[in-house]
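Here is a briefing on one structure. Look at the sequence and the model, then read on by topic.

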Amino acid sequence: MSGTKEEDRKGSSEWRESFWNPRTHELLGRTAASWGLILLFYLVFYLFLAGMFVLTMYIMLLTLDDYKPTWQDRLATPGMMIRPKGDQLEISFSVSDTESWDGFIHNLNTFLSPYNDSYQVQTNDNCPPDQYFIQEDSGEVRNNPKRSCQFNRTMLEECSGISDRFYGYSRGQPCILIKLNRVIGMLPGKDGQSPYVTCGAKREDSDKIGPLAYYPPNGTFNLMYYPYYGKRAQVNYTQPLVAVKFLNASLNTDINIECKITSNTLADGSERDKFAGRVSFKLRINDN
Amino acid sequence: MGDKDDRSPKKKKGGTKDMDDLKKEVPITEHKMSIEEVCRKFQTDIVQGLTNAKAAEFLIRDGPNALTPPPTTPEWVKFCRQLFGGFSVLLWIGAILCLLAYAIQAATEDDPAGDNVSNPHTHARTYSHLALLHLINPSLYLGIVLTAVVIITGCFSYFQEAKSSKIMESFKNMVPQVDNSSLTGESEPQSRSPDCTHDNPLETRNVAFFSTNCVEGTARGLVICTGDRTVMGRIATLTSGLETGKTPIAKEIEHFIHIITGVAVFLGITFFILAIVLGYTWLEAVIFLIGIIVANVPEGLLATVTVCLTLTAKRMAKKNCLVKNLEAVETLGSTSTICSDKTGTLTQNRMTVAHMWFDNQIHEADTTEDQSGASFDKSSVTWLSLARVAGLCNRAQFKGGQDPLPILKRDVAGDASESALLKCIELSCGSVRMMRDKNKKVAEIPFNSTNKYQLSVHETEDPNDNRYLLVMKGAPERILDRCTTILIQGKEQPMDEELKEAFQNAYMELGGLGERVLGFCHLLLPEDQYPKGFAFDTEDVNFQTDNLCFVGLMSMIDPPRAAVPDAVGKCRSAGIKVIMVTGDHPITAKAIAKGVGIISEGNETVEDIAARLNIPVSQVNPRDAKACVIHGTDLKDLSQDQMDDILRNHTEIVFARTSPQQKLIIVEGCQRLGAIVAVTGDGVNDSPALKKADIGVAMGISGSDVSKQAADMILLDDNFASIVTGVEEGRLIFDNLKKSIAYTLTSNIPEITPFLFFIIVNIPLPLGTITILCIDLGTDMVPAISLAYETAESDIMKRQPRNPFRDKLVNERLISIAYGQIGMIQALGGFFSYFVILAENGFLPSFLVGIRLNWDDRSVNDLEDSYGQQWTYEQRKIVEFTCHTAFFVSIVVVQWADVIICKTRRNSVFQQGMRNKILIFGLFEETALAAFLSYCPGMDVALRMYPLKPTWWFCAFPYSFLIFVYDEVRKLLIRRNPGGWVERETYY
C-alpha cells in the first residue's frame with residue numbers, strides 16, 4: 001500500500017525508508033494507527049461476510065431433505081464396480097506366485113466380511129424374493145429405521161471364499177465381484193424381473209475369455225434389495241453382489257472384459273460414462 | 001533544392017548525427033565568408049559552377065539531395081510486440097507449461113488421453129469427432145486454448161492499431177498539400193540579398209533554405225548543404241531521432257501490469273511450493289500454477305482498454321481531433337502544459353486589416369472569420385479616399401474563378417499585407433477590379449527596402465478630369481515625411497504639430513497592438529505640370545513625390561481565431577498552463593497572447609511593471625510578474641536552472657523568436673518539471689517539439705507533412721478549441737478506464753479463490769480454467785467496454801490535471817476495493833452456488849473437505865455421498881462441471897451489481913442514472929451469453945458446461961444485492977465526509 005510513496009523516492013536507503021520510516025513511524029507507508037484501523041475494518045468486514053455466508057448456507061441446508069437428495073437426475077443409470085479393485089481396474093496375477101494375488105484375496109475377505117451369514121442373520125430380515133421391499137413412510141411419520149434384506153456370503157457359492165479360501169485365484173479361475181452403485185429410490189426392474197449381469201470380452205478378446213460362472217445363479221440382483229432408502233434411514237443396508245468366475249480364461253494374455261447390467265427399467269448409460277450400467281476391466285492370468 | 005548561399009557550392013559535414021549536436025544552433029558559417037572564400041572552400045567557380053565530373057563525385061560522396069525517410073517499424077515487429085507484450089508473457093508461460101505437462105504425461109504413460117482406464121484405442125474409435133475434443137488431455141486442451149487466447153487478443157490489438165494508422169494514411173491522401181512550410185514558422189515572404197545581415201544563419205538575408213519556395217524574383221546561388229545536412233534535414237533528423245517517452249497511459253498500464261503480474265507470480269509460486277509441501281506431485285503442482293496464472297491474469301482487459309481507447313479516438317475524430325496513436329487519446333487528459341504555436345493555431349493565419357486611423361480617430365475593422373464583428377462608419381469621405389489609395393496602390397489580385405466563394409475565402413496572388421488590404425477594400429467598398437478599371441494605372445514604383453514605399457499613378461474616374469492621381473503607401477513615418485497636408489473629414493488641412501502628434505500616438509498605439517501599420521497618402525497632380533499623356537519615368541523619378549496629402553493609417557494583424565480565447569479560458573480553469581511559443585516578434589506575440597488570454601487581463605510582464613512604475617526593468621522583482629515574454633536570443637543565454645525558474649514562477653509565458661531547437665528545449669524544460677506537455681504546431685520548425693512532447697498536435701489543414709508525421713494527434717479544423725474537446729475526452733476516458741479496470745479486476749478474486757480452496761482444503765474444484773476464460777474473454781468484455789461510454793460524474797474541466805506521480809490509473813485503493821471487498825463478496829456468492837449444487841446432489845459441505853483425492857480418481861467409480869448413494873467418476877464430474885457453470889453464472893450475476901456500482905466513483909447510481917444504453921445492452925448480453933453457454937446443446941462436450949436448474953441462477957442474488965447496497969453506503973459516506981477515512985481508504 002506504499003506504491004505512491006515509493007514512486008517519488010530513489011535509492012536503496014529510501015526504499016528501505018518506504019518499508020519502515022523511523023521519522024514518521026510508518027511501516028509500508030502507514031502508521032500503526034492507520035494499520036490498526038484498516039485491519040480492524042477488514043476484520044469486521046470479513047466477519048460480517050462470514051456471518052452472511054453462514055446464514056445463507058444455513059438457510060440452504062434447511063431446505064434440504066435429510067433422507068433424499070434434492071436432485072438425482074445425474075444418477076439415472078447407476079454405476080457398476082468390481083472387487084477386488086487393483087490400480088487402474090486391472091486384475092493381473094500369476095497363478096504360481098502367491099504374492100501376486102494375495103492382495104486380491106485380502107481385499108475380497110475384507111469386503112465380504114459384513115456379508116457373513118452370521119452377521120446378516122443377526123441384523124437383517126429374510127425377505128420374500130423377486131419383489132420390492134417397500135417400506136413407505138406414512139405421511140409425516142417416518143417409518144424408521146428401515147429394515148434391510150439379507151445377502152448371505154454363502155449365496156456366492158464358489159466365490160464366497162468359504163469353500164475356496166483363495167476365490168479360485170490359486171487355480172487360475174479367479175472370481176470377480178460385481179456390484180451395482182446404490183441410488184436412493186432406484187427400482188431396477190419391473191414385472192418381477194430382476195436385473196442381471198452379463199460379462200463378455202471386447203472384440204478380439206472374445207475367444208480368450210472362456211466359460212464363465214455367475215453367482216447367484218444367472219447373475220441377478222434380486223428385486224428384494226430395492227429400493228434403497230439411504231444410509232440414514234436404512235442403516236444396515238446390504239448391497240447385493242454378483243460374482244463372476246472365469247473358468248478357463250486364456251493364460252498369459254490381456255483380456256479386456258466388460259460386464260453389463262440388463263434391466264427392463266434402467267436407461268442405458270451415456271456413451272461417455274464407461275461405468276454407468278457397465279464396468280470394464282482387464283484380466284491377465286500368467287501361469288508361471 | 002539545397003540550402004543555397006548566394007555564393008557557395010556544396011558543403012560537406014561530418015556524418016555524426018549526434019543528437020546534442022543537432023540540438024545546437026545551425027553551425028553554418030558560410031554566410032559570413034566572402035564569395036571567393038566560399039568558392040575556394042567548395043572548389044567551385046562563381047560563373048561556371050562545378051564541372052560535371054566534380055558534381056558526380058560530390059553526388060557519390062554526399063548522396064542525393066533528399067531527406068532520409070524516418071525509420072519505420074516493420075509490421076512483423078509491431079505484431080510481435082502485441083503478441084509478447086503485457087500479460088501475454090504470463091499466458092505464454094502458462095501455455096508452455098501446459099504443453100510441457102502434456103508432453104511429460106505422454107512420455108510417461110502409454111495413454112496420454114488418460115480417459116479410458118481399460119483400453120483406449122479399442123474404444124475411442126466409436127466416438128464422434130466432437131467427443132474427441134474433450135477426450136484429449138486437459139493439459140493439451142488448455143495449452144491450445146491459452147495459445148489461442150494470446151494469439152487472438154494479440155491479433156485483435158494489432159488489428160485495432162493497424163486500423164487507426166490506416167485512418168491516418170487515408171487522411172494523408174485526403175488533405176491537399178499546402179505549401180507554406182517554412183523554417184521560421186511564419187509565412188511572410190522574406191527578401192534575400194547577397195550581404196550577410198546577421199550572425200545567425202537563420203536570420204541572415206544571404207542564405208536560402210532547403211524546401212522553401214521562391215515566391216517572387218530570381219537569384220543565383222551556391223549550394224552549401226544537401227539532404228540531411230541542410231537546416232531542414234537537421235530538423236527532420238532531429239525529429240526522427242528524438243527518443244519519445246512512453247505515453248502516460250502506457251506508463252499507467254505498465255504499472256498496472258506489474259502489479260497484477262507481481263500478484264500472479266507471487267501467488268503462483270507460493271501455491272506451487274505449498275502444493276509440493278502438501279504432497280502433490282510436481283505435475284499437479286504445475287497444473288495448479290497454470291490455473292492460478294490464468295485466474296490472475298485479466299485476459300480480456302488489455303483488449304478492453306484498446307477498445308475503449310478506440311471508441312474515444314472515434315468520438316474525437318468526429319470532433320475533428322484525429323488521433324494517430326491510440327494511447328495519445330488519454331494523454332491530452334493528463335496534459336498540464338500546452339505549448340502552442342501562434343500562427344495558424346491561435347490565429348487565423350491570414351493578415352487582416354484590424355484598425356484604421358483617419359479623421360484623427362482610430363477605427364476598428366472587423367477581424368472575425370465570419371464578419372460578425374463591429375463595423376465602423378464608412379460614410380466619411382476620408383474613408384473613401386483611403387479605400388481608393390489602398391485599392392489602387394496594391395498589386396494583389398484575386399485569382400480567377402472564385403466568384404462564388406465568400407471574399408475572405410478567396411485566394412489572392414500577392415503578399416499578405418496587400419491581400420489583407422485587397423480583401424478589406426473589396427468587403428467594404430465593392431469590387432476593387434472595377435475601381436482599378438476606372439482608374440487606369442499609368443506608372444508604378446514597386447516597394448523596395450530603401451524607399452520603404454510603393455507608389456502608383458492613375459487616371460481619375462471622372463473622364464472630364466484630366467488630372468492624374470498619385471497614390472502611395474509605405475512605412476508610416478516615411479509617408480508622413482512626404483506629406484504637408486492631411487485629409488480630415490474630406491478636407492485637406494495643413495499638417496501641424498498637433499496633428500503630427502496625433503499621428504504619432506495613433507502609430508504607437510497600433511504598433512503596440514502588435515500590428516503592422518501602413519501609411520497612405522495621395523495627391524492629385526496639377527494638370528498644368530502633368531498634362532494628359534505625361535510620360536512618367538519611374539526609374540528617374542520625374543514627378544512630384546512629396547508635399548502629398550496624408551490620408552490615413554491602416555494596420556494589419558493575423559487575428560486570433562474566434563474560439564481561441566474561450567478555449568484558453570477553459571484550459572485555464574482545467575488547470576492547464578498555456579504557453580505560447582512562436583517564431584514571431586515579441587510585440588506581435590504579446591498582443592496576440594493578450595488577445596486570446598494567454599496573458600490574462602490584469603497580469604503584467606516585468607516590462608509592463610517597469611513601464612507602469614517608471615523604473616528600469618532591472619529593478620523589478622521578477623516574482624511580481626506572473627506573465628513574461630521571452631525573446632529567443634535571451635533564451636539562448638539561459639542556464640537550465642534559470643529556465644526551470646522561469647517555467648516554475650511564471651504562469652503566463654510567451655516565447656518569441658524561438659528556433660526549432662529552442663522549442664525543443666522549452667518542451668524538455670517543462671517535462672523536467674514533471675509536466676505532461678502538449679505541443680501544437682504546424683510548421684517544420686515545430687516538428688522536433690511535436691515529437692518530443694508527450695502529445696504533439698499538428699494542424700490538419702495548414703500543417704506541413706513533417707509536422708503531421710511527428711505529431712500524435714491532428715486537428716482537422718486547425719482549431720485550438722478542438723484541443724479542449726481532446727482534454728475533456730482524455731480525462732473522461734482516464735476515469736472510465738479506472739472504472740472498467742475496477743470492474744474487470746473484481747472478478748479475479750472469485751476466479752482465484754476456488755483454486756486456493758481446492759489446493760488447501762481438498763474440495764472438488766469449484767471453477768475451471770475454461771470457465772475463467774469464459775468470464776474474462778466472454779461475459780466481462782461488453783460491460784467493461786460499456787463503461788467507456790459512461791458520462792462524467794462532475795465537471796471534469798473544472799479540476800486540476802492529474803499528477804502523474806500521485807494519481808495512478810490503478811492504485812492501492814482500487815485494488816483494496818476490487819480484490820479485498822467486492823471481489824470477496826463475489827467469491828462468497830460463487831462458493832454459495834457451488835455448495836448449493838453439491839448439497840442438492842447429495843454432497844453436503846461438511847462431507848466435501850478432503851474428498852478431492854477420491855473425487856479426482858478415475859478408477860473410483862463408487863464414491864459415496866452424504867446420503868449413501870454411490871457415484872461413478874463421470875457422474876460426479878458432471879456435477880462438478882455443473883458447479884463450474886453455476887459458479888460462472890454466479891459471477892455473471894454478481895458482476896451485474898459490480899458494473900452498476902462501477903458506473904460511479906463518488907455519486908450514487910441514482911444520481912448518475914442508467915442512461916448508458918451500451919451498459920444496459922452489456923447487462924443483457926452477458927446474461928444471454930451465460931445462458932447460451934449453459935444451455936446450448938453441445939456445450940457439455942465443447943466447454944464442459946452444463947444446463948443449470950433455474951433456481952441455481954438465484955443463489956448469488958443476495959450477494960449481488962449486498963454488493964450494490966455495500967457500495968452505495970460506501971459512496972454515501974464518501975459524499976457525506978469529504979476527505980474522511982472512507983474516502984482516503986476507498987476512493988480510487
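Is B:Lys590 buried or exposed? B:Lys590 counts as buried, because its relative accessibility is 17%. The cut-offs are under 20% relative accessible area for buried, over 50% for exposed and in between for partly exposed (1.4 Å probe, protein chains only).

This is a predicted model, in which local features need pLDDT of at least 70, side-chain atom pairs count only at pLDDT 80 or more, and totals for chains, interfaces and linings use all residues. Residues are numbered from 1 along each chain as its sequence is written, chains are lettered from A and ligands numbered from 1 in the order in which they are written, and side-chain values use heavy atoms, with hydrogens and water left out.

**Around B:Lys590**

- B:Lys590 sits in helix H20 of chain B, which covers residues 586–596. Helices (H or I, at least four residues) and strands (E, at least two) are DSSP runs, numbered from the N terminus.
- Leaving aside residues up to four places away in sequence, B:Lys590 touches B:Ile599, B:Thr605, B:Asp608 and B:Val629. Contact here means heavy atoms within 4.5 Å.

**Nonpolar cores**

- In soluble globular proteins, nonpolar side chains tend to be buried together.
- A nonpolar core is a set of buried Ala, Val, Leu, Ile, Met, Phe, Trp, Tyr and Cys residues joined through side-chain atoms within 4.5 Å.
- The largest nonpolar core has 227 residues. A:Tyr169 and B:Phe888 have the most contacts inside this core.
- Helix H31 of chain B (residues 812–840) supplies the largest share of this core, with 17 residues.
- A second, separate core has 32 residues, including B:Leu386, B:Cys393, B:Phe398 and B:Leu421.
- Beyond four places in sequence, the residues that A:Tyr169 touches include A:Phe93, A:Trp101, A:Phe104 and A:Leu108. Among them are also A:Pro84, A:Pro174 and A:Cys175.

**Domains of chain B**

- The domain assignment gives domain 1 of chain B as 298–316 + 727–789 + 812–986. Domain 2 is 334–347 + 562–718, and domain 3 is 352–557. Such bounds come from an automatic or database domain assignment.
- The centres of domain 2 and domain 3 of chain B, taken over C-alpha atoms, are 35 Å apart.
- Five residues from domain 2 of chain B and six residues from domain 3 of chain B make the contact.
- Domain 2 and domain 3 of chain B bury about 330 Å² between them, with 64% of it on carbon and sulfur atoms. Buried area is the accessible area (1.4 Å probe) that two parts lose on being put together, summed over both.
- Between these two domains of chain B there are zero salt bridges. A salt bridge is a side-chain nitrogen of Lys or Arg within 4 Å of a carboxyl oxygen of Asp or Glu.
- Zero residue pairs are in polar contact between domain 2 and domain 3 of chain B (both at pLDDT 80 or more). A polar contact is a pair of N or O atoms within 3.5 Å; within protein, one must be able to donate a hydrogen and the other to accept it, and residues adjacent in sequence count only if both atoms are side-chain atoms.

**Interface of chain B and chain A**

- The contact takes 63 residues from chain B and 64 residues from chain A.
- Chain B and chain A bury about 5500 Å² between them, and carbon and sulfur atoms give 57% of that area.
- Six salt bridges are counted between chain B and chain A. B:Asp940 forms a salt bridge with A:Arg272, with the closest N and O atoms 3.9 Å apart.
- H31 of chain B gives the most to the side of chain B that touches chain A, with 13 residues.

**Salt bridges**

- The whole structure has 52 salt bridges over all chains.
- A:Asp164 pairs with A:Arg171 in a salt bridge, the closest N and O atoms being 2.5 Å apart. A:Asp164 is buried at 9% relative accessibility, whereas A:Arg171 is partly exposed at 47%.
- B:Arg799 forms a salt bridge with B:Asp735, the closest N and O atoms being 3.0 Å apart. B:Arg799 lies in the loop between helix H30 (781–786) and H31 of chain B and B:Asp735 lies in helix H27 (residues 721–746), so the pair ties together parts that are 64 residues apart in sequence.
- B:Arg799 is partly exposed at 30% relative accessibility, and B:Asp735 is buried at 9%.
- B:Glu284, B:Arg852, B:Asp856, B:Lys877 and B:Glu880 form one network through salt bridges that share partners.
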